[in-house]
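This report covers aromatic contacts and charged pairs. The sequence and model come first.

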Amino acid sequence: MSALTPPTDMPTPTTDKITQAAMETIYLCKFRVSMDGEWLCLRELDDISLTPDPEPTHEDSWEDLTDLVEQVRADPEDPNYLMANERMNLMNMAKLSIKGLIESALNLGRTLDSDYAPLQQFFVVMEHCLKHGLKAKKTFLGQNKSFWGPLELVEKLVPEAAEITASVKDLPGLKTPVGRGRAWLRLALMQKKLSEYMKALINKKELLSEFYEANALMMEEEGAIIAGLLVGLNVIDANFCMKGEDLDSQVGVIDFSMYLKDGNSSKGSEGDGQITAILDQKNYVEELNRHLNATVNNLQTKVDLLEKSNTKLTEELAVANNRIITLQEEMERVKEESSYLLESNRKGPKQDRTAEGQALSEARKHLKEETQLRLDVEKELELQISMRQEMELAMKMLEKDVCEKQDALVSLRQQLDDLRALKHELAFKLQVNERQGKRPLALGTPGVAHSTPLL
């Protein structure tokens, strides 16, 4: 208390100032990380001074101020104090993570994937929030703490969550509850229902009490605040490929370097932003190039199939033509036989006309059958010819489409070369700026100490 005692000639700080300073502070060993706008500032506890009000709106007694400071700096070994401190730290980190993710995603202007660093940090912070205050489950392998159990309850509260829960259970690469919980968070963010699911879960304290301690983050008001902050993530479009991603063995450590304020970093921030934009454009062009290559390969496969089908149809057409010629020859032969029988009937005796009439009727019947067969063959031939014309037209359209895709691919490769040249030029300029910026920095003060991972 002696370090916090103000001088006699300075005004006494109000309780609002001390409460606000305590609420916006994350304590790490002998340092504290306080929220300063959208950044975290790392300072030593010995250097912290309370800023007095120039004109206090009301006067507080020194006894009340002493009691409040004693409440803020309670016994660090008290479990309730430790849990409250952890809840406040996690809530502040969640605020920073969500705000930074939304701003960077809107500036980026494209769909986010699993390699995006702010998105990875957001999932790490959410995992720490869900793990806070978990009860240990005793199994035959020992005690196990996993946040997959509470997430499974969501499908009972919100029927729409049953789809992603079933998808997570069907993923072949997930072997641990932690991996399934991480996959569930990613699918819920893709579905833009993460805030709705978390609110529904937090509102059921009687169900959460089975998994969490009474003073856990999900059981207190900090959990409701984080669930409200998650609504802002509905403006983000994310796309994750779960197959092949190792979610079981990932190590979730919060990277404070993404949020710590650095005065020297503002000099090269503009160049870094340009390089980041160029790299994003390069990745987009490469992805588009891969899609175009896959489309060209598919079209080439279709062309090969059409060529094989065309060859088969040509062979069938040749067989049909040969059959038509054979039928025409048989029809001519039948006509000759019919004419011969008619002449013989006219010249022959009457007793032979009955047998000849029967033979003639059989010949006519045979001729009728052959004529019908010929008509059927002609119809089949016309159908084959129309199918062949359609296939030729489709092949021409596919060839035209392939030519257009090849032209687009050449144009995109040219743009990719230009972007690479621009990237090298900007990198060279950035190196020159860094070399020029290092000269005055040699006389400056040493940098601020790095923070240690939270919790």
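## Aromatic pairs and salt bridges

F122 and F123 are both buried; buried means under 20% relative accessible area, exposed over 50%, and partly exposed in between, with a 1.4 Å probe and protein chains only. The model is predicted: local features need pLDDT of at least 70, side-chain atom pairs count only at pLDDT 80 or more, and totals for chains, interfaces and linings use all residues. Residues are numbered from 1 along each chain as its sequence is written, and side-chain values use heavy atoms, with hydrogens and water left out.

The whole structure holds three aromatic pairs. Rings of Phe, Tyr and Trp (its six-membered ring) pair if their centres lie within 6.5 Å; planes under 30 degrees apart count as stacked, over 60 as edge-to-face and the rest as tilted. The ring centres of F122 and F123 are 5.5 Å apart, and their planes meet at 55°, so this pair is tilted. W184 and Y197 make another tilted pair, with 5.7 Å between centres and 50° between planes. This pair links distant parts of the chain: W184 belongs to helix α8 and Y197 to helix α9 (residues 194–202), 13 residues apart. Helices here are DSSP runs (H or I, at least four residues), numbered from the N terminus. W184 and Y197 are both buried.

The charged end of R186 sits over the F123 ring, 4.3 Å from the ring centre. That term requires NZ of Lys or CZ of Arg within 6 Å of the ring centre and within 35 degrees of the ring normal.

Side chains of opposite charge can pair when their charged atoms come close. The structure holds twelve salt bridges, each a side-chain nitrogen of Lys or Arg within 4 Å of a carboxyl oxygen of Asp or Glu. Among them are these:

| Salt bridge | N to O distance |
|---|---|
| K131 and E127 | 2.9 Å |
| D237 and K192 | 2.7 Å |
| K429 and E425 | 3.5 Å |

K131 is partly exposed at 36% relative accessibility. E127 is buried, with a relative accessible area of 7%.

D237 is partly exposed at 42% relative accessibility. K192 is partly exposed too, at 31%.

K429 and E425 share helix α13 (residues 353–441), where four residues, about one turn of the helix, separate them. K429 is partly exposed, with a relative accessible area of 43%. E425 is also partly exposed, at 42%. Elsewhere, salt bridges with shared partners join E127, K131 and R182 into one network.

R182 belongs to helix α8 (residues 177–190). Is R182 buried or exposed? R182 is buried, with a relative accessible area of 5%. The R182 side chain also reaches the backbone oxygen of L247 at 2.6 Å. A polar contact is a pair of N or O atoms within 3.5 Å; within protein, one must be able to donate a hydrogen and the other to accept it, and residues adjacent in sequence count only if both atoms are side-chain atoms.

How values were computed. Helices (H or I, at least four residues) and strands (E, at least two) are DSSP runs, numbered from the N terminus.
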